[in-house]
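Good morning, colleagues. Please look at the chain on the screen while I describe how it is built.

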Amino acid sequence: LLSVLEFYIISSITMLSTVSRQLRSHPALIPLFIFIGGGCTMSLTYLGRLALRNPDVCWDKKNNPEPWNKLGPNDQYKFYAVNMDYSKLKKDRPDF
């Protein structure tokens with residue numbers, strides 16, 4: 001197990017040194033790395049938001065088996081709502 005871990009550490013250090021050498025010799029690649037890193041960061045942030053804030057995702061099925069039933073009529077569950085004011089909505093569904 002230790003040898004596999006050492007292999008991964010050594011290979012990652014080797015890869016990072018190769019990338020840094022390439023960036024020093026080709027500075028035009030720096031914006032490419034910045035934009036790819038930013039895109040990866042934004043996609044992981046959105047995935048985390050979906051996993052933690054979406055009413056369809058249930059992490060604790062024992063205490064809260066159906067979390068979507070506890071949403072009020074004025075809770076915003078969409079990421080972006082165009083021309084929709086959730087605070088003025090009335091209840092239009094039955095209680096379960």
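Helices here are DSSP runs of H or I with at least four residues, strands are runs of E with at least two, and both are numbered from the N terminus. This is a predicted model, in which local features need pLDDT of at least 70, side-chain atom pairs count only at pLDDT 80 or more, and totals for chains, interfaces and linings use all residues. Residues are numbered from 1 along each chain as its sequence is written, and side-chain values use heavy atoms, leaving out hydrogens and water.

The chain contains 2 helices and 0 strands. An unreviewed UniProt entry annotates residues 28-47 as "transmembrane region"; such annotations may be inferred rather than shown by experiment, and their positions follow the numbering used here, with feature names shortened. That span is 90% helix and 0% strand, and its end C-alpha atoms lie 30 Å apart.

How much of the chain is buried, that is, under 20% relative accessible area with a 1.4 Å probe and protein chains only? Buried residues account for 5% of the 96 residues.

Finally, Val4 belongs to helix α1, residues 2-25.

How values were computed. Buried < 20%, exposed > 50% of the residue type's maximum accessible area, 1.4 Å probe, protein only.
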